[in-house]
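Hi,

Here is the structure I promised to pass on to you. Have a look at it first, and then read on for what turned up.

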Amino acid sequence: MVNERLVLGTAGLGGVWGKVDPHQSVLTILSGLESGIAAIDTAPAYGDAESYLGQALQQWRGKMPVISSKVGRLKSYAADEALYDYTDEAMAESLENSLRTIGISSLDILFLHDPQAIPESATERIITTITRFKEQGLAKRIGVGGNWPGWMKHFLDNGVFDVVMEFNRLNASNITALKDSLPYCLLHNIQYYAASPLNMGLLGKSIASFKQQQPDWLPIEALEMAVCLEKIAARHQLSLPAMAHRFLLSLPYEFNIVLGASDQAELSTSIQHFNQGKLPENILAEILKCSNG
């Protein structure tokens with residue numbers, strides 16, 4: 001089933017992109033579970049997301065989803081506010097609080113949040129600590145939760161991490177991961193999570209607004225690609241978000257897709273897109289041709 005490949009990301013539900021209704025956030029998580037989504041990703045940095053997940057799981061009577069959370073980045077209510085503490089004490093306290101808040105005894109996956117923010121000089125200590133959490137049974141698997149710096153490859157080569165999650169590196173407007181990290185992970189039996197299927201909203205909202213005021217995080221190449229994709233979608237009478245979601249299903253690789261939603265309506269729409277299945281081969285070819293210039 002398609003939905004078994006989907007991971008519900010909870011940043012938007014936790015309030016980092018704007019104020020949310022707590023009751024609606026809980027209902028959205030339950031709606032995702034009822035639709036067959038088998039995994040949920042959260043983090044202390046995602047506002048109140050862990051709390052809402054815990055409340056949802058108290059009401060859920062079905063099969064438990066795969067649950068992942070993170071250590072290293074501290075609680076915040078703003079996506080662009082990044083506060084970090086990778087000390088052993090802070091990571092242990094963060095993990096303990098996550099387990100208590102969610103209401104579980106062990107995470108299925110514990111990610112190091114934003115590995116690019118980790119001081120290289122502290123890496124050995126930090127990885128020793130997170131590995132110890134796994135050995136203690138506090139996490140079944142450990143992962144890299146964000147785009148990773150080159151020096152971290154040594155640890156991936158040595159089989160330290162079980163899962164890699166990257167954002168904005170595998171979607172219709174950026175297929176960089178197809179050329180490096182995705183085949184690498186598949187070769188090394190590392191589970192791959194592709195986050196931001198709509199490239200932080202670029203493929204989900206009016207591209208005109210991004211063109212008028214280009215965000216600092218958005219490369220011009222991705223914006224140009226989005227304009228090209230918009231034309232392809234219009235030519236085939238598809239919505240751009242639907243085409244972008246279905247694009248990921250059309251790639252001949254096994255990986256998980258982390259989708260975000262701020263409410264039930266957004267989640268329902270995204271799931272409908274995925275349930276439409278793969279794109280026709282001619283549309284996929286047009287997208288890849290657009291990407292390759």
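A residue is called buried here when its relative accessible area is under 20%, exposed when that value is over 50%, and partly exposed in between. Please keep in mind that this is a predicted model. With a relative accessible area of 1%, C185 falls under the 20% cut-off, so C185 is buried.

Next, the other cysteines. How many disulfides does the count come to? The count comes to one disulfide, and the bond joins C228 to C290, with an S to S distance of 1.8 Å. C228 sits in helix α10 (residues 220-235) and C290 in helix α13 (residues 281-291), so the bond ties together parts that are 62 residues apart in sequence. The two partners can also be described by their cover: C228 has a relative accessible area of 26% and is partly exposed, whereas C290, at 15%, is buried.

Now to the surface. A nonpolar patch there is formed by W17, M200 and W217, which together have about 360 Å² of accessible area. Of these residues, W17 is in the loop between α1 (11-14) and α2 (22-34). The relative accessible area of W17 is 59%; this is over 50%, so W17 counts as exposed.

Is T42, by contrast, buried or exposed? T42 is buried, at 0% relative accessibility. You will find T42 in the loop between β2 (39-41) and α3 (49-59). The side chain of T42 makes a polar contact with the side chain of T10, at 3.1 Å. If residues up to four places away in sequence are not counted, T42 touches T10, A49, E50, L53, S68, S69, K70 and I102.

One more loop to look at is the one between α5 (123-135) and β5 (139-145), where G137 is placed. G137 has 38% relative accessibility and counts as partly exposed. Which residues is G137 in contact with, leaving aside neighbours within four places in sequence? They are S105 and S106. From G137 to S105 there are 32 residues in sequence, and their C-alpha atoms are 8.7 Å apart in space.

Best wishes

Note on methods: Residues numbered from 1 in each chain as written. Predicted model: local features only at pLDDT ≥ 70, side-chain atom pairs only at ≥ 80, totals over all residues. Heavy atoms only, no water. Patch = residues over 30% accessible without salt bridge, like charges linked within 9 Å, V, L, I, M, F, W, Y side chains within 5 Å. Areas by Shrake-Rupley, 256 points an atom, 1.4 Å probe, with all protein chains shown as cover. Salt bridge = Lys/Arg side-chain N within 4 Å of Asp/Glu carboxyl O. Helix = DSSP H or I, 4+ residues; strand = E, 2+ residues; numbered from the N terminus. Buried < 20%, exposed > 50% of the residue type's maximum accessible area, 1.4 Å probe, protein only. Disulfide = S-S within 2.5 Å. Polar contact = N/O pair within 3.5 Å; in protein donor to acceptor, adjacent residues only side chain to side chain. Contact = heavy atoms within 4.5 Å.
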